[in-house]
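Have the model open beside you and try each task before reading on.

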Amino acid sequence: MLELVRNPRLPPLAWTAQLDVEARRLHAVVGRWVDAGADWFFEGAWNGPFDEAGFADATVRAGSGARVGARGARFLAPTHPFDRLYSVPSDRGFVVGNSLALVLTLADTSLDPTYRLCVPDLLSVLAGADARHRQLPTADGRHVRQHVCASLDVGWDGRLTEAPAAHGDAPTDFEDLHHRYRSAVLDVCANASAARRQHRFEPFVTISAGYDSPACAVFARDAGAERAVTFVSARGGDDDSGVPVGRALGLDVGQRSRTEYRNRNDVPDVRHLVHGAIDDLPFAGIEDDLAGTIYVSGFWGDAAWGRE
């Protein structure tokens, strides 16, 4: 059984759930943009029709969620490594969610303050989904497990099983690669803009003078994107404006400085330094542009279509 409560004070796409194995019940607390049905909920979009709620079988998930069935609950993490699920064992079963802070709160615990590798362990996913440190110790002797690019099955018998996300066979040639990437972006964006959603997400892209982000901008434009943002200079200060490419694609391109985040009064640089993600700091300056969109990024372009 699924019990779902919406909490408007949560971040719009945040969720956490307590699985009670004895009562055979999943109690979920979700933000206002999380979509839900009688036996499921999901934040974000996937490459399939929204009305069919087939996110469990999707090969591309830009978000996470869960479905309750006769044998237990299945939790689905995104198929990209920028977000993950967290789980903690509890006296009733498990607490699972897409927010570490919420999972720790519902599980009535905290991270072990004497463990000094929490941040490196959290960031280890950037070395690849298989290279991550999976467990973080808590102050009361339990562990928080990270689930990246995976599905997580928790049975009513209390057993937890994790499986890697299914990505299908490797592409056979460039045409096949191009077709898969383009289809994935179009399908996910079509799902994200479905009329029956709690919130409809428009595609959005950052664009530069390089190759990766302009290639992704073509996919985003084909999926209906009308807006883009470019950082006018590269990290070293060279011209990196994507305005010419964006205009050639018919996009409305906003121009931003990499140091625009300094105009904020909530000290975003401290948060990014704490997490070791200093390269992401300029994105704090375009937070308003990104809000409520589905972001198409060329961040992993070299790995996705490089010859190596």
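Predicted model: local features only at pLDDT ≥ 70, side-chain atom pairs only at ≥ 80, totals over all residues.

Helices (H or I, at least four residues) and strands (E, at least two) are DSSP runs, numbered from the N terminus. Residues are numbered from 1 along each chain as its sequence is written, and side-chain values use heavy atoms, leaving out hydrogens and water.

**Exercise 1.** Find where asparagine 47 sits and what its side chain joins.

*Solution.* Start with the place: asparagine 47 is in the loop between strand 5 (40–46) and strand 6 (61–68). Next, look at its side chain, which makes a polar contact of 2.9 Å with the side chain of threonine 59. Such a contact is a pair of N or O atoms within 3.5 Å; within protein, one must be able to donate a hydrogen and the other to accept it, and residues adjacent in sequence count only if both atoms are side-chain atoms. Finally, a polar atom of the asparagine 47 side chain lies 3.1 Å from the backbone nitrogen of valine 60.

**Exercise 2.** Work out the strand order of the open sheet of 4 strands, and which strands stand at the edges.

*Solution.* Strands pair if DSSP finds at least two bridges between them. Strand 15 (residues 227–231) and strand 16 (residues 252–256) run parallel, joined by 5 bridges. The order is 16-15-14-17, with parallel pairing. Strand 16 and strand 17 (293–296) are at the edges with a single partner strand each, so one side of each has no neighbour in the sheet.
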